[in-house]
Amino acid sequence: MAWSTYIAILQLTLSVSNYAHVDPQILLSAEKEVTRIYGNTGVSIVWIDPPVPENTNTDSPCYRTADFDVNIRPKAGALGPKSNTFGSAPEVGSDSHVAYVFYDRIESLFAQQTAAAMERRVSRWAKPDQILASVMAHEVGHLLGLAHSPSGIMRADWRANELLVASYGRLLFTPQDAEVIRTEVRRRSAMSLLCPPSIERLSLQTWERR
Ligand SMILES: [Zn+2]
């Protein structure tokens, strides 16, 4: 490849642990939607499935097989003290890498929308895969250093309007959020260049789904 045609690819690797036993088709559809949402920021996503066990000897980023681990839990438990939170990224910081999604709350939100539709209070609603994708993208956004925004997918609370926008696939990161994301992905990939060659990372393609 000639240098003139070289394009630096901003890439994030996400490992998903489906502890909630979300229907595989819903999860696959949600992952595609997260890929599209991040694609709008200029970042491509590589998914790892099944999750590869972490190297337990160290928590160094050099020895992780994915940049971030997304754990889909059946219930929030102690991780989601507020009843209206759909996920959590409790270890936010320069080395943060674990996010949680609470699937019972996603199902509950979907049920609320369908009840509203039955009463003809709404005519369109976000499907479970769209809600799941929005929550995953939001929590990964926190891992990338984003705080809450007044608008877009990083809003702290989603109203009916956010769900309506999500149903059209248009609940996205703001241009300002996208800039923060690109900067942080660049920073993390620059850090990984300092790592020694890793067998886990070299064998990653074995686990790539697409
Ligand atoms: Zn948040």
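Trainee: How many bridges join S4 to S5, and do these strands run parallel or antiparallel?

Mentor: This is a predicted model. In it, S4 and S5 run antiparallel and are joined by two bridges.

Trainee: Which strand does S5 pair with through five bridges?

Mentor: That is strand S3, residues 68–73; S3 and S5, residues 98–102, run parallel. Isoleucine 72 stands opposite valine 101 in S5, and arginine 73 has phenylalanine 102 of S5 as its bridge partner.

Trainee: In what order do the strands lie in the sheet?

Mentor: The order is S2-S1-S3-S5-S4, five strands in an open sheet with mixed pairing. Strand S2 (43–48) and strand S4 (87–88) are the edge strands, each pairing on one side only.

Trainee: Where do the side chains of a strand point?

Mentor: As a general idea, side chains in a regular strand alternate between the two faces of the sheet. Next, consider the helices here. Helix H2, residues 103–118, packs on the sheet and touches S3 and S5. The direction of H2 makes about 40° with that of S5.

Trainee: Which strands does helix H3 touch?

Mentor: Helix H3, residues 128–143, also packs on the sheet, touching strand S1 (10–18), S3, S4 and S5. The direction of H3 makes about 155° with that of S5.

Trainee: Why is S5 described as largely enclosed by the rest of the structure?

Mentor: Burial is judged by counting neighbours: a residue is buried if 20 or more other C-beta atoms lie within 10 Å of its own. Four of the five residues in S5 are buried, so the strand is largely enclosed by the rest of the structure.

Notes
Residues are numbered from 1 along each chain as its sequence is written. This is a predicted model: local features need pLDDT of at least 70, side-chain atom pairs count only at pLDDT 80 or more; totals for chains, interfaces and linings use all residues. Two strands pair if DSSP finds at least two bridges between them. Two residues are in contact if their C-beta atoms, placed from the backbone, lie within 7 Å. Axes are lines fitted to C-alpha atoms, for helices over the stretch in contact, and angles run from 0 to 180 degrees between N-to-C directions. A residue is buried if 20 or more other C-beta atoms lie within 10 Å of its own, exposed if 12 or fewer, and partly exposed in between; C-beta atoms are placed from the backbone.
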